[in-house]
Structure formats: C-alpha cells, structure tokens
Amino acid sequence: MLKKQKRNVGNQLCVLVMGMIIVTLAACSGDNKVKVDPEPPRPTSVPEINSATTFEGPLVLAGENAVGQFLRNGIYSATFQYSTEQRLETALPAAPTADESASSNFSVTNTQEVGVDEADRIKYNGDTLYIAADAQWHLDSQSPAHVRVLERQSDLSFAESAVLPLIDEYSHIDGLYEQNNHLAVLSNTGQMYTLYSFAPEPWLPVESKLLLDIYDTSSPASPIAKNQVKIDGTMLSSRRIGDYLFIVNGYTATVDGLNTNASSDKEQLDNYLAILDTPDSELMPKIYIDGDEGTPLNQPADCMIPQQASDSDGYAHLLTVIRINMTDISDISASCISAVAEVMYMSQDNLYLTSSLDNKTVLHKMSLDSELTYQATGAVDGVIGWRSAANLRLSEYQDNLRIVSTDYSAADPVHKLSVLEQVGNQLQVIGSLPNENSPEPIGKPGEDIYAVRFFADRGYIVTFERIDPLYVIDLSTPTAPSVLGELEIPGFSNYLHPLDNGYLLGVGQQVNPRLLPEDGSNLSEDTLVIEPVSEEGMKISLFDITDPSAPTELSKLVFEQSYTPVEHDYRALTVLNTGGSYQLALPLETWGQSTTEERRVWWSQNSLLLLEVDTNADKPELIQRSQITVKPDPEQYIYGGQDRSVIHGQEVYYIHGDQVWHTQWVEDGNVLGPY
C-alpha cells in the first residue's frame, strides 16, 4: 500500500517488528482477515475462469499470490472469454443541519454533507473566484482547458488576474477544490463509461488517466504551479475534508502483446502464461508525481478481494481510494479493492461504494483513517436507480447507514428504505420500511422515486406518477422506521433542501394535468410542459414540516417552459443563510418559439433567479427578489447546465459559460459585466 510518506525514522524498526507480529497473529486467527496464500502450480492448460464482478460477502486480504491470480484470471477472461451476453446488468426503468454559509457572509458550494466539500466548476473564498473552463474547438480557433482566476475589486466587481494552464490542455475538467491558499484542479483524459456504471468495466478497457494540478494561490495574481499528479485509471468521484482530498479511482488491468486471434490450445495457453508471467507492478495503477517514472499505488498483497472468490474466479478491475494532502504532496495514502462501483457517498467518518448485483445493491464501507481501512460489506434488496443525484439516497447518522432502493423486477416498482449497522466485517440490515408496524408501501402503484433527503433522524422521499406524494419518515428508532406524514400535490420535486426552523425547499416540475394518462400509465414525453399553459413548468415549493404528521406546501413559484439544472445537480443551487433568513439563487433555462410569416423559430433564454425565504417569520413564504437575464459576449448559445452563482452579502455574481455578470440583491438592479 502507498503509505503516508512522512514517517518518523526512529520508529521504523519498531513499526516493522510490530507489523510482522500483527500479520502473523492475523494469519493464525479465525477472522478470515488474511487467508492462507499458497503459490498456485504452473498450469498445463487454460482453466475455466468465472468473471466475478461483484459478490455480496465481505472482502479480505487474501495475499499476494491469491490476489495476483484473481487479477490475472480477470485479465484473461476480459480479453478472451467475456461476451455481451455475460454482462451483469440490472434492468432500470426507461431535523435539518445548518448550511456552511451560515458562518460567513458569502456562499460556498452546496453539498450533501456539512464539512465534506465537493468538487465544482467554481470555487470562491470571499476574495478570489476560480472558474474551470474546458477546452473549446471553433472553426477558426481552439481554446485549451484552463482555470480563470478573478479577484474582487474595491468597487465589488471582478477582474481577471491570472489564467492557469493544466497538465493536459485538452483534458476535461471534473472540478475544483480550494483550501488553505491551495487550488486543486481535477481533470481526466480518455474517459469512457458503460451504460449503467460510472466505472469502466473489464470488457471496455480504456487508456485514461486522472490528472491533478495543485497551485499555491497565496498570491492570486501570481499562482505557482506546485504539483502535477497523474494517476492511471478513471475517477468515480471525489470529496474534501480539511486539507485532504479523497478520490475513488477505477483501473482495469491489461497486458499488451497478447495474441487476440489465438485458436489452438497451445496459443491460448501461451496467452494465459504470458498473463501469469506479467510482473505485479504492471498490473497495478501507478501514480506519477511531478514527472517521475511512477510508483504503484498498491501492491497485490495490499488489495482486498471477495472472501468467496475461488481459484477459478477473476476480475481485472480495481478500485483505489486515495487520500492526498493538498498542501503536502508527500502525505498520500491509498487502499484498493477488487470491485465495481456505481455510486460513492462519503460522510465525515466513512466512505461507501455501491454496485448492482442481481437486483440487489452491494455496499462496501471504508473508514477515513490514515490507512483508509476497509470495514465491511453488505447488501439490500433493489437498486438505487438513476433519477436525480444517486448519492442522496444514502446517509450515515449515528453509525448507521440509511439507503433507499427500488426493485424494478415486477410490473410496478417496489421501494424500500433500509437501515444498516456494521457487525464485524458485515453491514447488516437492522430496520426497514415498509415493516410489520408500518406496512404501507412507499409510493402508490406505478410511482417512481424522484427525490430523497435525510436530515438527522428524519427522511424525506418524493414519489411521482400522477401526483407528488412527499413522505416524512421517522428514523429516530433505526430498527423501526415509520411514516409520520404524507402530502400530495401536483407535480414533483427532483431535489429537496433543508431550511432552518422546520422548513423544506423542493425544486422540480409542475406538470400539465390535462396530459396525465387516465389509465395510470407512465409519463410520456409530452407530460412535462412544452406549451405555454398557465401554472406549469419549473416549480419551487416551500414545505412546512414543523408538524411532521401533517406537512403542508406554504407557497410555490412556477416558471413556464423552464427548467433548472438544480433538478439534477444540487451544486447549481446557491444558498446564503443569515440566521434563518435565506438568499437563494438558481439558474433557469427557458425555451419557446416565435412564429413569423415564413417559419417558427425556437429560442432559449438563460437567467438567474433570486429568491428569499425568512424561516423566522410567522408564516414564511417564497419571495422572488429578481431575475437576471444575460447575453454572452460574443452572443452564442451556451447550455445552462453548468451555470453557477455566488452571493456575497448584497452582491450577486452569475457565472454563465466562462463569464461573470454582477448585480445587487435588489429588485431590477443594474447588471454589470461580463467580466
């Protein structure tokens, strides 16, 4: 394993001796942490190999020989035996915590967990704004990927002070992190995904690298390129706590020079032996720091494989969890497992990876200690699904994991909330909903889940087919979850955001009741508003959940023929909480058509919506303060899905494309820019 490189030299001998004692005792114990690891005999023929992508049981340190055999079997299977018919697929259908912004007078990235930052295309620290700009190709010019650095001026405008290049100028930027006068830029090359998974599978090997540029931004006008890091593989996701980045990276081991046209037994055996003879160092992903030759992130002996895996099983894909100190590149740890991952969720204490297997969701838990220690594995019925942000369906609270999953194998989806507790190296279900005391299903027949949020000992679930039921769930007794209340309203919420004093914000769509199918069948493409009909379009709701047994919709705003990227990416929502008085900003994309004598022309308009909610009022309501409409310079269509904003006191900054516009928190204020 790639350990922390900052060590006390005087303690190395003691650590080595203690480590040998611990390993010896573990190997002799009955807890299956380390298995007997004999070297396999030299084969005289190619064995029958099972491609073992995912197991329900725990993972173990099986030893260098067993892990090496497992990986090599997987390489052979992926290269010569795997067919599309063998693919493991699961059918998918066509009291709140305070905001981090409450402690400052400017907004930060909207995240799932307080204290756990998430990468985004902008970062702002109150003085300096960083904007990730991807590479662009035009007929007459090319613009490489870069980061714009803009400093706030005395007149509260922004001025560009620097442009930061990347390791690979034509890579795709995944996101930024800013901490302690350091900026981290995550990007990738050669990224490719399978249909249902965010991680590359062994039948689709890709030559890709995760790239990390770290800049010292003590002087924003003169940033210093401090470190350039490359890592073999493709990033699943990342988070930051303090100075530490936590990255989950997927890597599929391959062997070059194999005879892919092998047909005879001898040719096939030659291929298999060539794989067996490949050095361990060539099977493991490497990390390259500041142009060095690269070091394996782990050794096979450090990697964990399924406990149930036999000598005939194999899987060539590795997931590596990496911890990197943004301010000290010598402080790196890495831990690896052989598994598939589709979703990553991280609390302040643990990291969870999920994958689908035979209509179940398998979960792996790893602690965020210095060694990123594997903890346990478990499974729940159903899959997480694809609507909205999948990671919001998981939440850790008081050492328990809550997860919402769905079984799509029947005519109507069946939804389930499960509570899991770690027992040894297993995650065991200790409570679920529905249950004996609360047997009512989650959602009505045919309804799918559109939004899930957990706040402390409460859960909120939105389902939808013809109306929008909002369920309030009591999780104060983890072994016996129950539905406290339910609210039915037209439309649906794709995203739920907690507010102070027992209120909840919902962002989604109001649908056209006249287009809802009378037979209860699923929504058609025409169900969402595509014609200008009153009170239909993007919808924002304010819910009163102070009485969880009787939730109510206090107020709502509907914007015709519009959508907001907040529905699918909660980082697009900007929140500034000042003692329960909220300023909210969210981008809006509106479309329509104009009719002339010759033709009908479709048009679109991008804007930033400014809203207020005072949760301290006797009867809080949503108030629209303003709506900022901008035109890029030069004028061209720019997709609004990556739009962002910053609120700093009474100043508002709207980022559309790679440009910034500026206004004040007043009705119909002047719009300045672009910067």
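Predicted model: local features only at pLDDT ≥ 70, side-chain atom pairs only at ≥ 80, totals over all residues.
Reader: How many disulfides does the count come to in this structure?

Author: A disulfide is a covalent bond between the sulfur atoms of two cysteines. Cysteine 303 and cysteine 336 are joined in this way, with an S to S distance of 1.7 Å. The count therefore comes to 1 disulfide, taking sulfur atoms within 2.5 Å as the rule.

Reader: Which parts of the chain does the pair of cysteine 303 and cysteine 336 link?

Author: The two cysteines stand 33 residues apart, so the pair counts as a link between distant parts of the chain when each is placed by its DSSP element. Both cysteine 303 and cysteine 336 are buried. Cysteine 303 lies in the loop between β16 and β17 (304-306), and cysteine 336 lies in strand β20 (residues 332-337).

Reader: Which residues have the most contacts inside the largest nonpolar core?

Author: The largest nonpolar core has 27 residues. Helices α2 and α3 each supply at least two residues of this core. Apart from it lies another core, of 25 residues, including Leu392 and Tyr570. Inside the largest core, the residues with the most contacts are Val67, Ile75, Val255, Ile275, Met284 and Cys303.

Reader: Which residues does cysteine 303 contact, leaving aside its neighbours within four places in sequence?

Author: Cysteine 303 is buried, and cysteine 336 is its disulfide partner. With neighbours within four places in sequence left aside, cysteine 303 is in contact with Val60, Leu61, Val67, Met284, Asn298, Leu318 and Cys336.

Reader: Which residues of helix α3 are buried?

Author: Helix α3 covers residues 265-276, which makes 12 residues. From its first C-alpha to its last the helix reaches 16 Å, close to the 16 Å expected at 1.5 Å a residue. An α-helix has 3.6 residues a turn, so residues three or four places apart point the same way. The buried residues of α3 are Leu269, Asn271, Tyr272, Leu273, Ile275 and Leu276.

Reader: Is glutamine 69 buried or exposed?

Author: Glutamine 69 lies in helix α2 (residues 64-81). Not counting residues up to four places away in sequence, glutamine 69 touches Pro40, Tyr272, Leu276 and Asp311. Its relative accessible area is 15%, and the limit for a buried residue is under 20%, so glutamine 69 is buried.

Reader: Why is one side of β9 and of β16 left without a neighbour in the sheet?

Author: An open sheet is formed by 6 strands in the order β9-β10-β11-β12-β15-β16, and the pairing is antiparallel. Because β9 (172-179) and β16 (295-296) stand at the edges, one side of each has no neighbour in the sheet; each has a single partner strand.

Reader: What is the bridge partner of glycine 175 in β10?

Author: Strands of a sheet pair through backbone hydrogen bonds, either parallel or antiparallel. Strand β9 is joined to strand β10 (residues 182-189) by 7 bridges, and the two run antiparallel. In β10, the bridge partner of glycine 175 is leucine 186.

Reader: How far apart in space are valine 185 and valine 147, C-alpha to C-alpha?

Author: Valine 185 lies in strand β10 and is buried, with a relative accessible area of 0%. Among the residues that valine 185 touches, not counting those up to four places away in sequence, are Val147, Leu166, Ile173 and Gly175. Valine 185 and valine 147 are 38 residues apart in sequence, and their C-alpha atoms are 8.4 Å apart in space.

Reader: How many salt bridges does a search of the whole structure find?

Author: Side chains of opposite charge can pair when their charged atoms come close. One of these pairs is aspartate 117 with lysine 123, at 2.9 Å from N to O, and both residues are buried. A search of the whole structure finds 21 salt bridges.

Reader: How many residues apart are aspartate 232 and lysine 209?

Author: The side chains of aspartate 232 and lysine 209 meet in a salt bridge of 3.2 Å, N to O. Aspartate 232 is buried at 8% relative accessible area, whereas lysine 209 counts as partly exposed at 27%. Aspartate 232 lies in strand β12 (residues 224-232) and lysine 209 in strand β11 (residues 209-216), and the two are 23 residues apart.

Reader: What is the distance between the closest N and O atoms of lysine 444 and glutamate 488?

Author: Lysine 444 lies in the loop between β28 (426-433) and β29 (448-455) and glutamate 488 in strand β32 (residues 482-489), so their pair ties together parts 44 residues apart in sequence. Lysine 444 is partly exposed at 33% relative accessibility, and glutamate 488 is partly exposed at 40%. In their salt bridge, the closest N and O atoms are apart by 2.4 Å.

Definitions and conventions
Residues numbered from 1 in each chain as written. Heavy atoms only, no water. Pairing = 2+ DSSP bridges. Helix = DSSP H or I, 4+ residues; strand = E, 2+ residues; numbered from the N terminus. Expected span 1.5 Å × (residues − 1). Buried < 20%, exposed > 50% of the residue type's maximum accessible area, 1.4 Å probe, protein only. Salt bridge = Lys/Arg side-chain N within 4 Å of Asp/Glu carboxyl O. Contact = heavy atoms within 4.5 Å. Core = buried A, V, L, I, M, F, W, Y, C linked by side-chain atoms within 4.5 Å.
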